[in-house]
Amino acid sequence: MTTQDGMIRHDWSVGEIAALYELPLLELVGRANAVHRQFHDPNHVQKASLLSIKTGGCPENCAYCPQSAHHREVDLTRDMLMDPQTVIAMAATAKAAGAERFCMGAAWRQVRDGKEFDAVIDMVEGVRRLDMEACVTLGMLKPHQAERLAQAGLTAYNHNLDTSPEFYSRIITTRTYQDRLETLSTVRAAGIELCCGGIIGMGESVRDRAAMLHVLAGFAPHPESVPINALVPVEGTPLARRPRIDPLELVRMVATARIVMPHATVRLSAGRSSLNREAQILCLMAGANSIFYGDTLLTTPNAGIGEDAELLAAIGPLQPQHTSASAA
Ligand code: SF4
């Protein structure tokens, strides 16, 4: 950790962030861990549960996403919006399994007023009644809709930037970066926390990764929640043939996000299923402090609940049966 680390700054340059990302790995992780310990309990990993409340048929053309209606080769069943009571019951089950936060995603371009939005409001209220944090991702939204979500008690709104402003048009052309920034400012204006991050492994450069973190760290205040995803290439999407990224790239991204946004909850999100236990623990050392819990993440496979329980047990105190071999 340098004397500068741990300062809350909104004036990072892309070059400074890229230089952090490119540090020798152990120095980067060490500095990120020092910042992490300064701002967070290093032993607490928040478990969040993510449910797709309306799957598929999305009019946007995000190149990584199997839910886009543009990617006709994808084998995915489209579903209608789920019933609020079913969703709330699933949240209760997630809570019983240890989840503190319940995130609900609908594959919409934008929120429309009417019966479906009313149902989402019921879901948010129901999740909050369970004393869980509630987060939704519904696409673009207008100020009065953000106000309704705030009144329903919504904790956070997820709307990812996905990548850098420069690389963005290679991934999505149906909505602009500026559209995304406007939605984020609408959310903030309503007093709702921001959950905003991106994806690595889509063919972007290190500078693109740094540029995305630069946009996020430029928000004042910083987003409270920053999901860091590794691309899960899905058959039938334009990115289906992208190679999986080296897990250490994810470690670098997490560590860099931790240093430039010390307060944020950095969420190890999609792509975790291809990391072994030790790589996941390295991400937690590097400053990730939340994992998504459950067998699927919207529509892509995630680490199973049993594996997660083992992971969390492995980072807990040493169990007595493991100590006998050490005496000599
Ligand atoms: S990422 Fe979201 S907005 Fe983009 S196609 Fe998928 S569901 Fe639609």
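This is a predicted model: local features need pLDDT of at least 70, side-chain atom pairs count only at pLDDT 80 or more; totals for chains, interfaces and linings use all residues.
Select L23 first: leaving aside neighbours within four places in sequence, L23 is in contact with L28, R31 and R252, where contact means heavy atoms within 4.5 Å. L23 is found in the loop between α1 (14-21) and α2 (25-39); helices (H or I, at least four residues) and strands (E, at least two) are DSSP runs, numbered from the N terminus. L23 counts as buried, at 15% relative accessibility; buried means under 20% relative accessible area, exposed over 50% and partly exposed in between (1.4 Å probe, protein chains only).

Residues are numbered from 1 along each chain as its sequence is written, and side-chain values use heavy atoms, with hydrogens and water left out.

Next, select helix α8 (residues 247-260) and helix α9 (residues 277-285), which pack at an angle of about 15° with their axes 8 Å apart. Axes are lines fitted to C-alpha atoms, for helices over the stretch in contact, and angles run from 0 to 180 degrees between N-to-C directions. The angle makes α8 roughly parallel to α9 (angles under 35 degrees count as roughly parallel, over 145 as roughly antiparallel, 65 to 115 as roughly perpendicular and the rest as oblique). Show the side chains of P247, L248, L250, V251 and V254 on α8, and of A279, L282 and C283 on α9, which make the contact. By class, this contact has 8 nonpolar, no polar and no charged residues. Ala, Val, Leu, Ile, Met, Phe, Trp, Tyr, Cys and Pro count as nonpolar, Asp, Glu, Lys and Arg as charged, and the others, Gly among them, as polar.

Move to Q46, in strand β1 (residues 46-54). Q46 is buried, with a relative accessible area of 6%. Beyond four places in sequence, Q46 touches E100, R101, E133, T265, R267, N289, S290 and I291.

Then select A106 in strand β2 (residues 101-106). A106 counts as buried at 9% relative accessibility, and touches I53, K54, T137 and L138, not counting residues up to four places away in sequence. From A106 to K54, the C-alpha separation is 4.5 Å, across 52 residues in sequence.

Finally, select the ligand and display C58, E60, C62, Y64, C65, Q67, S68, A107 and R175 around it, each with a heavy atom within 4 Å. This shell divides into 5 nonpolar, 2 polar and 2 charged residues.
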